[in-house]
Amino acid sequence: MQDTSKQYDAVIKICRDLFKKKMSDYGSAWRILRLPSLTDQIFIKAQRIRGLQQNDVRKVDEGEQSEFIGIINYCIMALIQLEKGVVEQPDMQLEDALELYDKHVNITKTLMENKNHDYGEAWRDMRVSSLTDLILQKLLRVKQIEDNQGKTLVSEGIDANYQDMVNYAVFSMIHLNEK
């Protein structure tokens, strides 16, 4: 589990660094995005990854890793939006955004550590393509929950699904880095 924690942190460092640079370039323009818009952005990235995994020819010179980074960052943005709500104008300074980013990463990493303990790091024996399919399944679940105005009868909420997607994307990045 110690290697997993270090590997997890290394992946998150890459994602956080990109998030920080984009905040410097664009500010917090993402704060106007409603949850369905963020979900759709994540869906586009997951679909592209699946396409890259299935197709022999690539017409855009970006691989799976950049898309998994996007999934992680959009999921963290969604978790922040769930906590803070959507705004009409960008309203967040870099330091505040990074503090919230770190908060949600820490909560999500703790979830991963707890599940890893119970599941015995089963993800290590999974294929990246299976993790991609699980992300897509979670996205379809989130879309259904959004269509139900956030209500569920017995299922996890939207936040748990975003957290699982972050963890699946981190696991995928770890697998891709080990190749």
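A salt bridge here is a side-chain nitrogen of Lys or Arg within 4 Å of a carboxyl oxygen of Asp or Glu. Before you click, note that this is a predicted model, where local features need pLDDT of at least 70, side-chain atom pairs count only at pLDDT 80 or more, and totals for chains, interfaces and linings use all residues. Residues are numbered from 1 along each chain as its sequence is written, and side-chain values use heavy atoms, with hydrogens and water left out.

**Stop one: Glu-67.** Select Glu-67 and Lys-45: they form a salt bridge, with the closest N and O atoms 3.1 Å apart. Glu-67 sits in helix α3 (residues 64-84) and Lys-45 in helix α2 (residues 35-54), so the pair ties together parts that are 22 residues apart in sequence. Helices are DSSP runs of H or I, at least four residues, numbered from the N terminus. Glu-67 counts as buried because its relative accessibility is 5% (buried means under 20% relative accessible area, exposed over 50%, partly exposed in between, with a 1.4 Å probe and protein chains only).

**Stop two: the largest pocket.** (A pocket is an open set of points on a 1 Å grid over the protein atoms alone where a 1.4 Å probe fits, with protein on both sides within 12 Å along at least five of seven lines; lining residues have an atom within 4 Å of a point. Points are joined across faces, edges and corners, and the volume is the space filled by probe spheres set on them.) Colour α3 too: with seven residues, α3 gives the largest share of the lining.

**Stop three: Asp-164.** Which residue pairs with Asp-164 at 2.9 Å? Pick Lys-115: the two form a salt bridge, and that is the distance between their closest N and O atoms. Asp-164 is in helix α6 (residues 158-178) and Lys-115 in helix α4 (residues 94-119), so this pair ties together parts 49 residues apart in sequence. Salt bridges that share partners join Lys-115, Lys-138, Glu-156 and Asp-164 into one network.

**Last stop: the second largest pocket.** Stay on Lys-115 and select Tyr-119, Trp-123, Tyr-168 and Phe-171: among the 16 lining residues, these five lie nearest the centre of the second largest pocket.

Notes
Helix = DSSP H or I, 4+ residues; strand = E, 2+ residues; numbered from the N terminus.
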